[in-house]
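Me: I've got a model open and would like to talk through a few spots in it. Can you walk me through them?

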Amino acid sequence: NGKQLKQQLLEGKYKPNPVRRVEIPKETKGEFRKLGVPTVVDRVFQQAITQVLSPIYEEQFSENSYGFRPCRGAHDALKQCQTNVNDGYVYVVDMDLEKFFDTVCQSKLIEVLSRTIKDGRVISLIHKYLNAGVISRGVFEKTEVGMPQGGPLSPLLSNIMLNELDKELEHRGHRFVRYADDCMIFCKSKKSAERTLENIIPFIEGKLFLKVNRNKTCVEHISRVKYLGYSFYRYRGKCRFRVHPKSIVKMNDKIRELTKRSNGWGNEYRALKLTQFIRGWVNYFGLADMKKLLRETDEWLRHKIRTIYWKQWKKVKTKFKELKKLGVEEEKAWICANMRNGNWYCGSYFVLQTAFNNKKLREL
């Protein structure tokens, strides 16, 4: 349908379809992030708009903005935070915008876009996307405020909107780091941080028509802040990173889910899923000091893997046969196979630990 869709676009007759509402749970219990998944055709058009507008706006964007931008990422944002702390800016305004994507003022966004984009058809098409509506549980709902989070266009639009905040902070001479709608403003003392927060809220709420979440926005010392899953501490006068306790809890929950003894996965598939998760996690948190954490997590994970094999063997004769295969003496294998303790207890039994030593587990 390429030709006819292109024709509709050029004539301004194209009408975007409503997005499909999908809710995914947030870290805070009982809270959900609302996503809007566009149709394939809309996704292609949104990607086309993004590819054309991105280079134009990249020239305008701030050096302190790191989210959803080419050749920039979370690690760059964290390193900038580290530089600010090393320069003595140890108090931060940890800014939280309440339901940012759901509360964006569409007319303000269109006004900001119109300053740079002079082609009315493009502005009109973006406006149609914002007003396309959502289908939630089979029911159509209008969208008069906010923009759908989940299409290729929304990250760029969010950066265009929040670039106004970046420009204002730069104009006021503040040091800050922004990743998407996560913004941290750095100050040298608690007093100046509190003053900064007081002065910036009227701009965000009065000029950008966004809502600041008063419960989650706070002024804290850098050591008590969580940013992009990391926490900060100072060692010999230098800023260093740790994995935040909440991120550790989340990782442990994910490992529990992947090593459930009752999910019916084969060992090869489980090993693949574990490898993918661990590789991704370690790469993301690679900036943090976590030698002790990784060592302890490895011990716990090996225990879980031994327990999985023990449960799979089920019968006494299978346990006896498999232990002998792994090089355990016959007598010890027979005693171990006849143990009547729970699976988790047996997983820590020394016979099983020597049979499934670290080298053997690596081979598996």
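Predicted model: local features only at pLDDT ≥ 70, side-chain atom pairs only at ≥ 80, totals over all residues.

Me: Is Lys314 buried or exposed?

Reply: Lys314 sits in the loop between α11 (291–313) and α12 (316–325); helices here are DSSP runs of H or I with at least four residues, strands are E runs with at least two, and both are numbered from the N terminus. Buried means under 20% relative accessible area, exposed over 50%, and partly exposed in between (1.4 Å probe, protein chains only). Lys314 has a relative accessible area of 68%, so it counts as exposed.

Me: And Lys321, how accessible is that one?

Reply: Lys321 is in helix α12. Its C-alpha is separated by 8.2 Å from that of Ala333, twelve residues apart along the chain. Lys321 counts as partly exposed because its relative accessibility is 48%.

Me: Which residue in β7 is the bridge partner of Tyr179?

Reply: Strands β6 (residues 175–179) and β7 (residues 182–187) run antiparallel and are joined by five bridges. Strands pair if DSSP finds at least two bridges between them. For Tyr179, the partner in β7 is Asp182.

Me: Which residue in that hairpin takes a positive phi?

Reply: Most residues other than glycine have a negative phi. The hairpin of β6 and β7 has two residues between the strands, and the one with a positive phi, near 55°, is Ala180.

Me: What is the phi of Cys71?

Reply: Cys71 is in the loop between α2 (40–58) and α3 (74–86). With 81% relative accessibility, Cys71 counts as exposed. Its phi is positive, although Cys71 is not a glycine, and lies near 60°.

Me: What is the phi of Lys99?

Reply: Look in the loop between β3 (91–96) and α4 (100–103) for Lys99. Lys99 counts as exposed, at 57% relative accessibility. This residue is not a glycine, yet it has a positive phi of about 40°.

Terms used
Residues numbered from 1 in each chain as written. Heavy atoms only, no water.
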